[in-house]
Amino acid sequence: MKGYMYILECYDGTYYTGSTKNIELRLEQHQRGEGANHTKKRLPVELVYFEEFQRIDEAFYREKQVQGWSRKKKEALINGDFETL
């Protein structure tokens, strides 16, 4: 089953990185305040980046990798600035 790693920009400008099997449903859940505690307190959120994977475990692995990145590195990924990465 496919998986997605995604980055949301929250109302306060912070980023949230997650993974899911259904990106549309997960985004709706975040918008309704049913997502993570981080996003619940910072609504609304906007999907600013995602990657699709063949399996959810690959998306989860990528999520954990990107979560460890600095804000600057995440913004380079979001903006497609691969030289900065």
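The following paragraphs describe the fold, packing and selected residues of a predicted model of one protein chain.

Residues are numbered from 1 along each chain as its sequence is written, and side-chain values use heavy atoms, with hydrogens and water left out. Because the model is predicted, local features need pLDDT of at least 70 and side-chain atom pairs count only at pLDDT 80 or more, whereas totals for chains, interfaces and linings use all residues.

The protein chain contains four helices and three strands, arranged along the sequence as β-β-α-α-β-α-α. Helices (H or I, at least four residues) and strands (E, at least two) are DSSP runs numbered from the N terminus. The radius of gyration is 12 Å, which agrees with the value near 12 Å for a compact globule of 85 residues; this quantity is taken over C-alpha atoms, and the globule rule is 2.2 Å times the number of residues to the power 0.38. Along the principal axes, the C-alpha atoms fill a box of roughly 35 × 30 × 20 Å.

Of the 85 residues, 39% count as buried, where buried means under 20% relative accessible area, exposed over 50% and partly exposed in between (1.4 Å probe, protein chains only). The chain exposes about 5,300 Å², of which carbon and sulfur atoms supply 48%; accessible areas come from the Shrake-Rupley method with a 1.4 Å probe, and for residues only the protein chains shown count as cover. Among contacts (heavy atoms within 4.5 Å) between residues at least 6 apart in sequence, 55% join residues at least 24 apart.

In soluble globular proteins, nonpolar side chains tend to be buried together. A nonpolar core is defined here as a set of buried Ala, Val, Leu, Ile, Met, Phe, Trp, Tyr and Cys residues joined through side-chain atoms within 4.5 Å. The largest such core has 10 residues, namely Met5, Ile7, Tyr15, Tyr49, Phe53, Ala59, Val66, Trp69, Leu77 and Ile78. Two or more residues of this core come from each of strand E1 (3-10), strand E3 (45-53), helix H3 (56-67) and helix H4 (71-78). A second, separate core of seven residues includes Tyr6, Tyr16, Ile23 and Val45. Apart from neighbours within four places in sequence, Ile7 is in contact with Tyr15, Tyr16, Thr17, Glu46, Leu47, Val48, Tyr49, Val66, Leu77 and Ile78.

Thr17 lies in strand E2 and counts as buried because its relative accessibility is 4%. With residues up to four places away in sequence not counted, Thr17 touches Met5, Tyr6, Ile7, Glu63, Val66, Gln67 and Lys74.

In H4, the buried residues are Lys74, Ala76, Leu77 and Ile78; their cover includes E1, strand E2 (15-20), E3 and H3. Arg71, also found in helix H4, has 41% relative accessibility and therefore counts as partly exposed. Its contacts, not counting residues up to four places away in sequence, are with Gly13, Thr14 and Tyr15.

Two backbone features concern phi and omega. Most residues other than glycine have a negative phi, and most peptide bonds are trans. Gly80, which follows H4, has a positive phi near 70°. The peptide bond from Leu43 to Pro44 is cis, with omega near 0°, and Pro44 is placed in the loop between helix H2 (37-40) and E3.
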